[in-house]
Each structure stands twice: as structure tokens, then as C-alpha cells.
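Here is a short briefing on one structure. Please keep the model open while reading.

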Amino acid sequence: MLGSGWELVDEYTRPAGPPSCGLMSSQVQAGAQTNPAHRTEVSTPRTEAHAMQLGLIGLGKMGHNMRERLRRAGHEVIGYDRNPEVSDVSSVSDLVRSLSAPRAVWVMVPAGAATQQTVRELSEVLSPGDIVIDGGNSYFKDDAVNAELLAAQGIGYLDCGVSGGIWGLNNGYGLMVGGEAEHVDQLMPIFDALRPEGPRDEGFVHAGNVGAGHYAKMVHNGIEYGLMHAYAEGWELLEAKDLVTDVHGCFKAWTRGTVVRSWLLDLLVKAVEEIPHLEGVDEFTPDSGEGRWTLMEAIDHSVPMPVLSAALFARFASRQENSPTMQAVSALRGQFGGHAVAMIDDGFAPSPDHVPDHVAPQ
């Protein structure tokens, strides 16, 4: 039988899973040198850890795969989702009743109101000694509020930043956890099952007290914004000049041996393979909020972050059919320099090769 609560019973062996995107299986062998950007390790499956029981609320793209990965590792996972087609139980109350005390419930729902409501509901049905883990992209300042609410009922709280997206099922998830060490230790078999194979400290960190996990994930996503935008700008420049006839090949060649190799670069190569020249892709780019929060923190602490700010503002610009800022710039040029002001109704569309006279080579 599977264990319940913190009771540790049957041993399990985690599946090795495939190597990270961009690595050939022949490279992932004992003694082989692998790409440091991916650091896929060959490790002996762990057999000392034991199966646990976990409640999981939210079975979307991430939650559904996390449930599967945990089950593959031998853990008992009881999931609840508003979609009855994927849910194991019919309500949060049923979920709690299905778990043996002391319970652990992982919340994987959208940040903000949905998470706060779920935590409030759990505070009313869980018991002292239970633990709640918020694994969504919550604002780190919300963690203190959640922890205080649950602590009043004797319930522990951990915040966990989770990175890995849809690839996490097979590759594992990068985990950044905030909260008391005692609670982290109790849930370590769960964290070990979710994180990538290899040394624990290369896929998991107990980042600090409550809020530290989500803070670390927030900064992680801010960095991600800048990296994505740098790759995107390079792609646009290569596409803009006829001299380079194999832009996709250039990016693919960078995936090994160069200083700009990364998993994000691998994913861009994959995207361009699926949609050559990215033709027809809508430029509209939303943001989850973490880029904004990171920039707000940078301002509060006087940390210059021009790369993140440029990347974030570029996303804002992508949502404007006709940028009001550039409308004002065009109008001002008309006022002080007598330059022609093109009107939308005129159908004016300068060619991509058009270079204004005042910056053209002499």
C-alpha cells in the first residue's frame, strides 16, 4: 500500500527520463561531457526515499503533468480540478477527506484571487499539522498573508517557484522553495520526485523563509524576459538582411559550443523549424506579472535593470495596433522639422529597406 501523510513506506525508483532538449542520447553516458547549458546528468535512481501522499489542486498544463510525474515516482496523488474530466474528486472538501493526516496539499492555480480563495478554503478544512504548498506564480508579498492565515489554524505553509513548463513531465522541474526548514524536510520526497535527475542543488533550492521561493522565481522570470528578447532581436536582424540565407541554421549552430547556448535557444530553433520565418505568428505578447514585479523590486532597491525594462515594455508595445507614443513622435517631427506625417488612412507603408535621409551613409 502507499503511505499516507508523513508515514514513509514502500521504496520507489524514479524513472531516468529522456535527456534535456538539445542533447543527443549518445552524449548522456557515464564519463561523457555534456552541454553545461543543460547539465543533464546520468545518476543512479534513488531508492532510499519512500512513497508519500499528496493532494494537488489545479490540474492544468503544469498540474496535470506534475501529478503524472509524481505518480511515476511511486507517490499517491489525489487531484482536484474544476474540470471533472481530469479531477480525482469532486471538491476541495472531498480531497481533504481523501487524505490521511498529517496532510500535504499542493496548490497549482492561477496567482492572485484564485490562489487566495483556495488557501482560505483550505484553512477551513485542514487540521493542525497539515501543510499547504503554493506552487503557482504568486506575488511573494501574498505569501506572508497566506502563511499567517494558515498559521492561525496550526497549518504550515511553503511557497514554491516552479520552472519547467510543459517539458517538466520528463525533464523535471526547477524548484525554489520558501518556508521553514522543518516543513521543507517533510516534503523533500515530493520535491525530489519533481526536480530533475542529478545533484539536488542543481534543480532545487530552499531559498529562504516564506516568500523567498516566489521571490526567486520572480527574478528568474525577469531574467527570462531579457534572454528571450535578446534572442528575438538577433533573429530579426538576421532575417532583415539577404546576406544570411540560413537564419534557422545559424541559431541551430549556436546550440553547441557557443557562449549563448541555452534551453531557450533550443526552443527558438524548434519554433522556427515548426513555423519557418515565424510567418503568421501574432506579435501580441502577454506578461504573467512577474516581469512587472521584478522591475518594481528593482526600483525599490535602486538596482538598474535596463534589459528587463526594455523587454517588458516591448511586450506592452506588441499589444498596440498603432503605438500612441510613436504617433506623438511622428507628429512632433512634423512640427519642428516639417517632415511629412503619414496618416493611417493614407495606406503609407515604408519599405523595410527605407533609411531616412538624415541617417543614410554619405
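In which loop does S302 lie? S302 sits in the loop between α11 and α12 (306-318). The model is a predicted one. The points below cover the sheet, the helix pair around that loop and some backbone features.

**Sheet**
- Seven strands form an open sheet in the order β2-β1-β3-β4-β5-β6-β7. The pairing is mixed.
- β2 (76-80) and β7 (204-208) are the edge strands, and each pairs on one side only.
- On average, neighbouring strands of this sheet are turned by 25° against each other, direction ignored.
- In general, strands of a sheet pair through backbone hydrogen bonds, in a parallel or antiparallel sense.
- β5 (residues 156-163) and β6 (residues 174-178) pair in the antiparallel sense, over five bridges.
- V162 stands opposite L175 in β6.

**Helix on the sheet**
- Helix α8 (residues 212-240) lies across β4 (131-134), β5, β6 and β7.
- α8 runs at about 15° to β5.

**The α11 and α12 pair**
- The axes of α11 and α12 come within 10 Å and cross at roughly 140°.
- That angle makes α11 oblique to α12, because only angles over 145 degrees count as roughly antiparallel.
- The crossing of α11 and α12 is left-handed.
- On the α11 side, the contact is made by G291, R292, T294 and L295.
- On the α12 side, L308, S309, L312, F313 and F316 make the contact.
- The residues of this contact divide into five nonpolar, three polar and one charged.

**Backbone features**
- Most residues other than glycine have a negative phi, and most peptide bonds are trans.
- S302 is not a glycine, yet has a positive phi of about 55°.
- Is S302 buried or exposed? S302 is exposed, with a relative accessible area of 66%, because exposed means over 50%.
- H277 is not a glycine either, and has a positive phi of about 60°.
- H277 is placed in the loop between α10 (263-274) and α11 (290-300).
- H277 has 47% relative accessibility, so H277 counts as partly exposed.
- The peptide bond from A101 to P102 is cis, with omega near -10°.
- P102 is found in the loop between α2 (92-98) and β3 (104-107).

Key. Residues are numbered from 1 along each chain as its sequence is written. This is a predicted model: local features need pLDDT of at least 70, side-chain atom pairs count only at pLDDT 80 or more; totals for chains, interfaces and linings use all residues. Side-chain values use heavy atoms; hydrogens and water are left out. Two strands pair if DSSP finds at least two bridges between them. Helices (H or I, at least four residues) and strands (E, at least two) are DSSP runs, numbered from the N terminus. Axes are lines fitted to C-alpha atoms, for helices over the stretch in contact, and angles run from 0 to 180 degrees between N-to-C directions. Contact means heavy atoms within 4.5 Å. Buried means under 20% relative accessible area, exposed over 50%, partly exposed in between (1.4 Å probe, protein chains only). Angles under 35 degrees count as roughly parallel, over 145 as roughly antiparallel, 65 to 115 as roughly perpendicular and the rest as oblique. A crossing is left-handed if the near helix is turned anticlockwise from the far one by less than a right angle, and right-handed if clockwise. Ala, Val, Leu, Ile, Met, Phe, Trp, Tyr, Cys and Pro count as nonpolar, Asp, Glu, Lys and Arg as charged, and the others, Gly among them, as polar.
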